[in-house]
Amino acid sequence: GPRHMGGGPHRLCPRRGLARGFSRAIARNGIGDPHNAYPHSMAWFRNRLIVGTTRSNLCLFKVSKIKKRMDYWPVECPDYVYDLDMRAQIWEYDPTHAEGDGPTAGWRLNWRAPVRTFGDEELPRELGYRGMTVFRGRSDEDECLYVSTYAPARADGTRILRSLDAQTFEEIPLPDGFGKDIITLRLLVPFKGRLFTSPTGRAGGDPNTSGNATVFVTDDPVNGGWEVANPPGFGDPSNLGVFEMLGCGDYLYVGTASLRGFQVWRSRAEGKPPYAWERVIQDGAYRGYLNQAVSSLCVHNGVLYAGSGIQHGGVDMTTGTGPAGAELIRIFEDGSWDLIVGAKRETPDGTKAPLSGYRPGFGKMYSGYFWRMASHDGWLYLGTFDWSTMVRYSDRSAWPQPYARGLERFGIERFLGLQGGAELFRSADGANWVSVDEQGMGNFYNYGIRTMQSTPHGLAVGYVNPFGPRVGKWDGPDFAYHDNPDGGAEIWLGSKAPGPGR
């Protein structure tokens with residue numbers, strides 16, 4: 001059929017708590033521990049679903065610059081965040097032995113981050129496991145699970161871990177130039193028999209921008225051998241980091257973060273590095289600074305899809321960017337591109353109107369990232385980060401008066417009951433989209449979809465939920481903390497459903 005399939009959006013399905021095609025939550029309350037806030041990484045490995053967590057994220061954020069823009073803090077935190085057990089965890093789920101319906105049924109805790117002494121403090125070596133992939137390098141005796149980490153700012157930097165069984169993990173060498181200030185790493189991307197990575201964030205309140213848009217490559221990660229794969233920043237100092245990377249067809253694609261708008265570069269990644277690269281998208285696909293970064297990439301039916309986002313949930317308070325809904329584009333092998341979800345505009349490539357008919361964020365300002373995508377069983381799935389849950393706690397003096405008056409009349413709790421929670425959409429052809437769920441699977445504290453993994457047993461979807469174990473609410477005129485039975489990360493597993501056209 002024609003490449004431009006569409007002619008307007010499908011009507012969204014009614015909002016509902018249980019989504020069609022997603023039969024059950026296989027984990028609630030942070031897999032039995034509400035401090036497990038982010039299911040930050042996920043992989044299918046040795047017939048098991050492996051999940052890496054990051055813990056108590058809102059208590060970590062409380063000591064950052066974000067705190068200055070909040071009237072009330074959403075969760076109860078100690079004065080010293082490391083009075084909490086902040087050790088990141090790695091869990092495995094066996095779908096064939098998941099008996100019962102408790103929060104840990106079918107799950108086993110395989111790994112907990114060690115504690116080390118840094119200066120005069122004992123700290124977890126890792127706060128989170130932010131990336132995960134399955135890869136076999138030149139010296140690996142079999143396929144291995146590779147995991148990238150999120151380290152405390154006062155520790156000694158990020159690491160890459162390797163495991164043959166997802167139960168015991170060893171460190172492998174990092175690329176040269178990864179100093180102690182590089183505290184987060186999310187990208188571990190196999191392509192053409194090699195493993196690619198790039199630093200994500202650094203100490204000092206920048207977990208998403210390293211200031212170092214450098215790609216590294218090796219075919220033998222267990223022994224290091226990392227080489228630089230691109231010119232610094234792709235020759236453009238506005239590129240603050242590499243946030244997404246994925247192979248599609250004959251090319252490795254790299255999405256950057258930039259205050260002028262993201263860029264997308266690609267290379268065949270052949271021969272000896274550094275490789276030759278070409279830019280296929282610039283200036284946030286000509287939307288500019290509101291498309292600050294490529295937040296997700298996915299291949300569906302041989303075409304690359306790229307979702308955008310603004311850091312800190314769609315409102316970057318450090319740069320005054322946003323709020324704005326995210327956009328979705330797709331890129332073809334000939335270098336041409338379509339706008340799928342977004343704002344109509346004129347570009348050097350002609351007029352671009354959203355093929356889906358939907359404006360940014362699927363028409364929702366609160367959808368600040370298109371955070372994760374997955375191709376599964378003939379469908380392209382897209383999950384958002386929806387920051388509306390944070391309205392309850394935000395600095396109301398900064399709200400525009402019409403918005404403040406409207407929300408006051410409507411009521412924040414009523415607003416959250418209707419708007420709150422991450423959205424999950426799907427499309428067979430990439431242009432026409434339908435809603436799977438728009439309210440965090442019935443829990444508005446599930447405000448982001450961070451991970452998705454196709455498995456033989458269905459699509460696993462990991463919901464970020466840092467609102468536990470105690471969350472702030474108003475009792476009449478008073479703000480107080482209460483136990484939250486809906487706090488902690490959730491993971492849902494989709495049932496096998498008929499594919500499109502069947």
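Is R162 buried or exposed? R162 is buried, at a relative accessible area of 8%. Buried means under 20% relative accessible area, exposed over 50%, and partly exposed in between (1.4 Å probe, protein chains only).

## Basis of the model

This is a predicted model, in which local features need pLDDT of at least 70, side-chain atom pairs count only at pLDDT 80 or more, and totals for chains, interfaces and linings use all residues. Residues are numbered from 1 along each chain as its sequence is written, and side-chain values use heavy atoms, with hydrogens and water left out.

## Salt bridges

Side chains of opposite charge can pair when their charged atoms come close. The cut-off here is a side-chain nitrogen of Lys or Arg within 4 Å of a carboxyl oxygen of Asp or Glu. The structure holds 33 such salt bridges.

One of them joins R162 to E170, at 2.3 Å from N to O. R162 is buried. E170 is partly exposed, with a relative accessible area of 35%.

## Links across the sequence

Secondary structure comes from DSSP runs, numbered from the N terminus: helices are H or I with at least four residues, strands are E with at least two. D250 and K192 form a salt bridge, their closest N and O atoms 2.9 Å apart. D250 sits in the loop between β18 (239-248) and β19 (251-258), and K192 in the loop between β13 (189-191) and β14 (194-197), so the pair ties together parts 58 residues apart in sequence. D250 is partly exposed at 27% relative accessible area. K192 is also partly exposed, at 32%.

E244 pairs with R372 in another salt bridge, with the closest N and O atoms at 3.6 Å. This pair links distant parts of the chain: E244 is in strand β18 and R372 in strand β28 (residues 367-376), 128 residues apart. E244 is buried, at 5% relative accessible area. R372 is buried too, at 13%.

Elsewhere, salt bridges with shared partners join R125, E126, D156, R159 and E171 into one network.

## Cysteines

A disulfide is a covalent bond between the sulfur atoms of two cysteines. The cut-off is a pair of cysteine sulfur atoms within 2.5 Å. The whole structure contains 1 disulfide. C59 and C77 form a disulfide, S to S 2.2 Å. The torsion about their S-S bond is about -90°, so the disulfide is left-handed. C59 lies in helix α2 (residues 57-62) and C77 in the loop between α2 and β4 (89-93), so the pair ties together parts 18 residues apart in sequence. Both cysteines, C59 and C77, are buried.

C144 is buried, at 0% relative accessible area. C298 is in no disulfide; its nearest cysteine sulfur, that of C248, is 9.5 Å away. C298 counts as buried, at 6% relative accessibility.
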